[in-house]
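Have a look at the picture first, and then we'll go through some of its details together.

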Amino acid sequence: MTSDVWLPFQADGIEGLPEGPRYLFWDGGEEYPADPADCAFYAVPYMKGPEVAVRPLAAMTSVRVVQTLSAGIDHVTPALGTLPAGVRLCNAKGVHEASTAELALALILASLRGIPGFVTGQQREEWRSGFYPALADKSVLIVGYGSIGAAIEDRLAPFECARVVRVARSARTTERGAVHAFTDLPELLPGADVVILSTPLTEGTRGLAGAEFLTRMKDGALLVNVARGAVVDTKALLAETGSGRITAALDVTDPEPLPAGHPLWHTPGVLVSPHVGGSTSAFLPRAHRLLAGQLTRFAAGEEPRNIVLTTG
């Protein structure tokens with residue numbers, strides 16, 4: 001049975017890799033390190049785009065695990081039909097939660113407290129004093145309550161929010177309290193001062209924050225997107241932010257990268273960061289630990305962790 005492992009990092013830089021597999025480096029270059037048909041474990045190159053991610057999949061006839069280094073898997077799912085049955089697709093749960101939650105809080109605070117305006121004011125030598133919104137006493141709605149959503153709530157705790165409301169695909173109860181279903185959003189949106197999107201991109205969430213969703217948000221509310229750009233209908237968002245009725249802080253956009261000249265760049269009340277939720281100094285050590293742990297289990301014949309789906 002083949003034991004080739006394709007990694008987007010040099011194997012000698014990852015502590016704890018088990019002996020046995022043949023570790024090959026491939027980070028999306030034109031040349032493959034070996035025959036893809038001999039690859040048994042494929043760690044998808046990080047932030048190289050969907051075309052690179054799926055390029056070798058159709059030829060990976062012996063692959064048994066596909067491991068993304070992102071929380072989302074939408075960049076590889078379109079090509080899963082080319083894989084044999086029984087392949088485990090695993091995500092990077094445990095790698096990005098802290099960094100993405102940090103950025104969500106940074107975007108909220110920067111937007112509410114007027115930081116972008118202060119930067120502009122400093123450049124122009126303008127003293128822009130006055131009263132600005134605080135996060136304290138605000139009602140926050142987290143749409144997409146998985147591990148990243150929970151990490152965001154962890155970091156909201158010291159900010160004395162009036163309440164935090166959780167929403168996921170299906171209703172459940174956690175130690176923190178109730179998690180509402182997406183079907184409850186029409187009733188929940190009008191009461192939220194801050195709406196945070198942290199849901200995966202699926203056919204069920206594509207365009208979730210469309211015209212109806214956005215018009216139900218209260219006047220003056222802030223939309224924060226650390227999920228995927230396509231979770232938001234950009235045209236509908238431009239209509240609502242362009243009127244000044246709501247504001248937005250976006251780490252992800254549709255299209256992405258946001259092209260020069262796009263109106264989102266210059267819409268008042270919109271703050272854009274360039275999809276940097278997970279790409280921080282915390283990424284490499286956590287990604288290395290994930291790969292070492294997954295490959296230790298793989299070499300021992302055990303099921304990997306973080307299985308999102310199995311082909312077949």
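Does Phe 9 count as buried or exposed? Phe 9 counts as buried because its relative accessibility is 15%, where buried means under 20% relative accessible area, exposed means over 50%, and partly exposed is in between (1.4 Å probe, protein chains only).

Before going on, a word on the ground rules: this is a predicted model, in which local features need pLDDT of at least 70, side-chain atom pairs count only at pLDDT 80 or more, and totals for chains, interfaces and linings use all residues. Residues are numbered from 1 along each chain as its sequence is written, and side-chain values use heavy atoms, with hydrogens and water left out.

**Around Phe 9**

You'll find Phe 9 in the loop between β1 (4-7) and β2 (22-25). Helices (H or I, at least four residues) and strands (E, at least two) are DSSP runs, numbered from the N terminus. Leaving aside residues up to four places away in sequence, Phe 9 touches Ile 14, Phe 25, Leu 69, Phe 283, Leu 284, Ala 287, His 288 and Leu 291; contact here means heavy atoms within 4.5 Å.

**The nonpolar cores**

A nonpolar core is a set of buried Ala, Val, Leu, Ile, Met, Phe, Trp, Tyr and Cys residues joined through side-chain atoms within 4.5 Å. In the largest one, which has 31 residues, Leu 141, Phe 213 and Leu 223 touch the most other members. Elements that each supply at least two residues of this core include β6 (139-143), β7 (163-168), α6 (211-216) and α7 (234-242). Take Leu 141: among its contacts, not counting residues up to four places away in sequence, are Val 165, Val 167, Leu 185 and Ile 196. There is also a second, separate core of 25 residues, and Leu 103, Leu 112, Val 194 and Ala 249 are among its members.

Most residues other than glycine have a negative phi, and most peptide bonds are trans. Now for some exceptions. Glu 160 has a positive phi near 55° and sits in the loop between α4 (147-156) and β7. Glu 160 counts as exposed, because its relative accessibility is 58%. Asn 306 is not a glycine either, yet its phi is positive, at about 65°; look for it in the loop between α8 (283-299) and β14 (307-310).

As for cis peptide bonds, one runs from Asp 254 to Pro 255, with omega near 10°. Another joins Glu 256 and Pro 257, with omega about -5°. Pro 255 lies in the loop between β12 and β13 (270-272), and Pro 257 is found in the loop between β12 and β13 too.

**Salt bridges**

Side chains of opposite charge can pair when their charged atoms come close. How many salt bridges does the structure hold? The count is 14, a salt bridge being a side-chain nitrogen of Lys or Arg within 4 Å of a carboxyl oxygen of Asp or Glu. Here are some of them:

| Salt bridge | N to O distance |
|---|---|
| Glu 126 and Arg 128 | 2.7 Å |
| Asp 219 and Arg 245 | 2.9 Å |
| Arg 245 and Glu 240 | 2.6 Å |

The pair of Asp 219 and Arg 245 links distant parts of the chain, 26 residues apart. Asp 219 is exposed, with a relative accessible area of 61%, whereas Glu 240 counts as buried at 13% relative accessibility. Elsewhere, Glu 153, Asp 154, Arg 166 and Arg 176 are linked in a network of salt bridges.
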